[in-house]
Amino acid sequence: VYEMLCGTSPFKGENQQKIMESILFDEIEYPSFLNSTEIDLIHGLLERNSSKRLGSGNSDSEEIKAHPFFNSIN
């Protein structure tokens with residue numbers, strides 16, 4: 001979702017090792033053109049703690065589909 005909205009990866013690095021370190025440790029920087037609903041969805045999907053990640057609960061993908069980002073999508 002981040003890449004679709006921003007056109008780039010949220011994780012930076014000049015090689016695979018640096019990108020992995022970015023995934024594990026760096027804070028995500030959100031461009032100013034993203035609105036709060038988009039940021040909330042991305043933040044939920046990129047939660048490092050898998051038990052807290054959006055869609056990891058009992059309702060599975062229904063939790064993701066119920067996010068306000070998807071309100072205008074049938």
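Which residues form the largest nonpolar core? In this predicted model, local features need pLDDT of at least 70 and side-chain atom pairs count only at pLDDT 80 or more, whereas totals for chains, interfaces and linings use all residues. Residues are numbered from 1 along each chain as its sequence is written, and side-chain values use heavy atoms, with hydrogens and water left out.

The largest nonpolar core comprises 6 residues, namely Tyr2, Cys6, Phe11, Ile28, Leu34 and Ile42. A nonpolar core is a set of buried Ala, Val, Leu, Ile, Met, Phe, Trp, Tyr and Cys residues joined through side-chain atoms within 4.5 Å; buried means under 20% relative accessible area, exposed over 50%, and partly exposed in between (1.4 Å probe, protein chains only).

Ile42 also belongs to the buried residues of helix H3, together with Glu38, Leu41 and Gly44. Helices are DSSP runs of H or I with at least four residues, numbered from the N terminus. The cover over the buried residues of H3 includes helix H1 (2-6).

Histidine 67 lies in the segment after helix H4 (61-65) and is buried, with a relative accessible area of 7%. Its side chain is joined to that of aspartate 40 by a polar contact of 2.7 Å; such a contact is a pair of N or O atoms within 3.5 Å, in which, within protein, one must be able to donate a hydrogen and the other to accept it, and residues adjacent in sequence count only if both atoms are side-chain atoms.

Notes. Helix = DSSP H or I, 4+ residues; strand = E, 2+ residues; numbered from the N terminus. Contact = heavy atoms within 4.5 Å.
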